[in-house]
Structure formats: C-alpha cells, structure tokens
Amino acid sequence: MSENSWRGIVTALADDRAREVYAHLVLGDSIDMALAPLSPGRRRRVLDTLQSARLIAPIDGGWRVEAEVFRSALAAVPSAVRPAGVDRFFANGRLTVYPSRAADREAVLAHIAERLMTPGRTVTETEVTEKLAVMVDDPVSMRRHLVDAGLLVRSRDGRVYRLAP
C-alpha cells in the first residue's frame, strides 16, 4: 500500500450507501436489504468503490471484509518526526510549554535569550517585551526569568537590557 491509501478508504466510507453496505458486511449481516433499493448501476458502483478501496473482496458469490486494510494503510503512512531538544517546547516559534525540569528550563531560557538579542547590543525594556511577546504568552514574566537566570543583564534603572557576558 502507498502512504495515500487511506484516501481511498475515507472516500469509500464517505458515501452513505457504501458505508451502510460495509457496516452490514462487518456485522456479518446480509447486504441484500441495503442494496435492494439501488439501481443495478448504483449497486455495482457501491461494491466497486468498496472493492477498489480494498475494504471488501469477492468470495464464493458474496463478499468478505478485508480487516487488514486499516492496519496496512496505517503502516504505510510515515510516522511524524517528533521534535527533540528545546524544539519540543515550541510550536511555530512560540513557547507552548514551560518545562518543569530545571535542565530543560535552562535550555529553553538560553534558546530564547539567543533568539532575543545580539551579543553586545543594548535594547530598551519595551523592545525586549515586544520581542518576547512574539515568542511567549507572558513576556514580562519571561523577561524576569531571563534576568533571574543570569542570561540578561538589566541596567540599574531597568530601562536597558543586554545579553550577559
């Protein structure tokens, strides 16, 4: 199966009549009642749709459910790459979870400080807050965390910040 095989399965099951016929087959019931009100062409299309999606297969003049189709379709889809390191705490450049482990917090704070400022450059409190607002929900608390961690140095009057040496 290809990684897009699930599309055929979803397409087939999106059709109300095909889904009803499939449900009868899954439950071991006769599909005659579900197919009876349909024209011969529509019956053929419903069965062809289910068969082309590999949900059913012909057997002795009837149909059997192909139970492996879902497992095969899932196995064909590549698994998502899980972010590692500090990236696991960010989504689209924003901090989504403030880590509880001290080592993770230190790494996240260092990452934010690195993104926030250029070494040797001083920035006003307003600029720091605005830049942090792009990355975190609470920029004022994050600014305090960065100062407390020794990553940012604040002037005595609190107006200017720079990266710690």
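Mentor: Along strand β7, residues 160-163, the side chains alternate. Buried means under 20% relative accessible area, exposed means over 50%, and partly exposed lies in between (1.4 Å probe, protein chains only). Strands (E, at least two residues) and helices (H or I, at least four residues) are DSSP runs numbered from the N terminus. This is a predicted model, in which local features need pLDDT of at least 70 and side-chain atom pairs count only at pLDDT 80 or more, while totals for chains, interfaces and linings use all residues. Residues are numbered from 1 along each chain as its sequence is written, and side-chain values use heavy atoms, with hydrogens and water left out.

Trainee: Which strands join β7 in a sheet, and in what order?

Mentor: Two strands pair if DSSP finds at least two bridges between them. Here 3 strands form an open sheet with antiparallel pairing, in the order β5-β7-β6. β5 and β6 stand at the edges with a single partner strand each, so one side of each has no neighbour in the sheet. Strand β5 (residues 123-124) pairs with β7 over 2 bridges, and V123 stands opposite Y161. Strand β6 (residues 152-154) is joined to β7 by 3 bridges, with Y161 as the bridge partner of R154.

Trainee: How many residues lie between the strands in the hairpin of β6 and β7, and which residue there takes a positive phi?

Mentor: There are 5 residues between these strands, and G158 takes a positive phi near 75°. Another hairpin is formed by β1 (56-59) and β2 (62-65), with 2 residues between them. In that turn D60 has a positive phi of about 45°. β1 and β2 are antiparallel and share 4 bridges; G62 in β2 is the bridge partner of I59.

Trainee: How should I read a nonpolar core, and how many residues has the largest one?

Mentor: A nonpolar core is a set of buried Ala, Val, Leu, Ile, Met, Phe, Trp, Tyr and Cys residues joined through side-chain atoms within 4.5 Å. The largest has 21 residues, and I112, L132, L146 and L152 have the most contacts inside it. α6 (102-116), α7 (125-135), α8 (139-148) and β7 each supply at least two of its residues. α6 gives the most, with 5 residues.

Trainee: What is L152 in contact with, leaving aside its neighbours within four places in sequence?

Mentor: Contact means heavy atoms within 4.5 Å. With those neighbours set aside, L152 is in contact with L116, M117, V128, L146, V147, Y161, R162, L163 and A164. A second, separate core of 18 residues includes I9, L38, V69 and A73.

Trainee: Why do the buried residues of a helix such as α8 line one face?

Mentor: An α-helix has 3.6 residues a turn, so residues three or four places apart point the same way. In α8 the buried residues are P139, M142, R143, L146 and V147. Seen down the axis of α8, these fall within an arc of 140°, so they line one face of the helix. The arc is that of the directions from the helix axis to the C-beta atoms. The buried residues of α8 pack against β4 (94-95), α6, α7, β6 and β7. Just after α8, G150 takes a positive phi of about 80°.

Trainee: Which residues are buried in helix α2?

Mentor: In α2 (residues 16-26) they are A18, V21, Y22 and L25. They cover an arc of only 100° around the axis, which puts them on the same side of α2. Their packing partners are α1 (5-14), α3, α4 (40-52), β1, β2 and α5 (68-76).

Trainee: What caps the N-terminal end of α2?

Mentor: The cap is D15, with a side-chain oxygen 2.9 Å from the backbone nitrogen of R17. Just after α2, G28 takes a positive phi of about 80°. G28 lies in the loop between α2 and α3.

Trainee: Is G28 buried or exposed? And is A34 buried or exposed?

Mentor: G28 has 62% relative accessibility, so G28 counts as exposed. A34, found in helix α3 (residues 32-35), counts as buried because its relative accessibility is 1%. Leaving aside neighbours within four places in sequence, A34 is in contact with R17, E20, V21 and H24.

Methods
Polar contact = N/O pair within 3.5 Å; in protein donor to acceptor, adjacent residues only side chain to side chain.
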